Amino acid sequence: MAAVVEVEVGGGAAGERELDEVDMSHLSPEEQWRVEHARMHAKHRGHEAMHAEMVLILIATLVVAQLLLVQWKQRHPRSYNMVTLFQMWVVPLYFTVKLHWWRFLVIWIFFSAVTAFVTFRATRKPLVQTTPRLVYKWFLLIYKISYATGIVGYMAVMFTLFGLNLLFKIKPEDAMDFGISLLFYGLYYGVLERDFAEMCADYMASTIGFYSESGMPTKHLSDSMCAVCGQQIFVDVSEEGIIENTYRLSCNHVFHEFCIRGWCIVGKKQTCPYCKEKVDLKRMFSNPWERPHVMYGQLLDWLRYLVAWQPVIIGLVQGINYILGLE
């Protein structure tokens, strides 16, 4: 590696030729990385003005794209959410196939197959009576699994940063890869299931008739009926249910436990499904992990933007650089 070090110091066209003549087959992975790093520096030496121009293009594109996305979301939220959901669902598939992440691909196919079936059931008219329960149970299950996976991944990352992985004789890179992978799985599928659940919740509630986007319900809600699923409520609010309890909101409307949890937590709705009154989540859910609080929502929005729109923006920047002849 002494020759490589000299090349890095000397630079110039002669340095590039010497780097190209280096035999990579007899080098260790770390030494190969150093050679590739030196080649990159030799190739781009003297292009500082061009690099500054490329950085300005990147910053300008990010700012303009962010402004356009915000305006689109405010003016046409339905189309924005649908396009974003589609991109979040499809973009990781491209990178998975390209980088041979077969484990992620298997989980993605299983999740997509079940979610497609559940979404199909949720969008049928007339709506089968058991469909709302099926939809909310599935998405609530994915919600809990994604939360647990994300927490385990976060703990693994923190343990690695504090060196606790050495107690179990695990290499830092292996422990960090494990933690980051679990963290990504939890956040990605957490965002994806919440977006699908929100779409299904709108379809089902509008079909049942107790909820509409205009705010005016098309049916009258009786005291013993759940406005989310449209089924009879047999357990009184003061009674302890065998399978599930009955919740009463501050507006005095009552709901099945699974239905209102699915509506608020999974479907991202924080108003009564019937009268649109604000739901007091602190009173309804004592477990802080079940509250869709502001910080979690901001984190999901950031991850949604990163997965769905960042590759599109980077591709646009590369296209602009190619047209302008920048490299």
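Helices here are DSSP runs of H or I with at least four residues, strands are runs of E with at least two, and both are numbered from the N terminus. Residues are numbered from 1 along each chain as its sequence is written, and side-chain values use heavy atoms, with hydrogens and water left out. Please keep in mind that this is a predicted model: local features need pLDDT of at least 70, side-chain atom pairs count only at pLDDT 80 or more, and totals for chains, interfaces and linings use all residues.

Let us start with the overall layout. The protein has twelve helices and two strands, and along the sequence they follow the pattern α-α-α-α-α-α-α-α-β-β-α-α-α-α. Of its 327 residues, 38% count as buried, where buried means under 20% relative accessible area, exposed means over 50% and partly exposed lies in between (1.4 Å probe, protein chains only).

Among the buried residues of helix 5 are Y80, L85, M88 and P92. Just after this helix comes H100 with a positive phi of about 65 degrees, although H100 is not a glycine. H100 sits in the loop between helix 5 and helix 6.

Follow the chain on into helix 6 (residues 102-122), whose 21 residues reach 30 Å from first C-alpha to last, close to the 30 Å expected. Its buried residues include F104, W108, F111 and V118. Seen down the axis, the buried residues of helix 6 fall within an arc of 160 degrees, so they line one face of the helix; the arc is that of the directions from the helix axis to the C-beta atoms. The face turned away from this buried side carries the exposed residues V106 and F110.

Further along, the loop between helix 7 (131-161) and helix 8 holds K169. K169 is another residue other than glycine with a positive phi, near 55 degrees, and at 79% relative accessibility it counts as exposed. Back in helix 7 you will find I151, which counts as partly exposed at 30% relative accessibility. I151 and L182 are 31 residues apart in sequence and 8.4 Å apart in space, C-alpha to C-alpha.

The largest nonpolar core has 54 residues, of which F139, Y188, F255 and W263 touch the most other members. Such a core is a set of buried Ala, Val, Leu, Ile, Met, Phe, Trp, Tyr and Cys residues joined through side-chain atoms within 4.5 Å. Helix 8 (residues 172-208) gives the largest share of this core, 13 residues. Domain 1 (101-208) and domain 2 (217-290) both contribute to the core, so it lies between them; the domain bounds come from an automatic or database assignment.

Finally, look at the second largest pocket, with about 510 Å³ of space. A pocket is an open set of points on a 1 Å grid over the protein atoms alone, with protein on both sides within 12 Å along at least five of seven lines, and lining residues have an atom within 4 Å of a point. Of the 20 lining residues, W101, F104, I180, F184 and Y185 are the closest to the centre.

How values were computed:
Expected span 1.5 Å × (residues − 1). 1 Å grid on protein atoms, 1.4 Å probe; cavity = no way out; pocket = protein on both sides within 12 Å on 5 of 7 lines; lining within 4 Å. Points joined across faces, edges and corners; volume = space filled by probe spheres on them.
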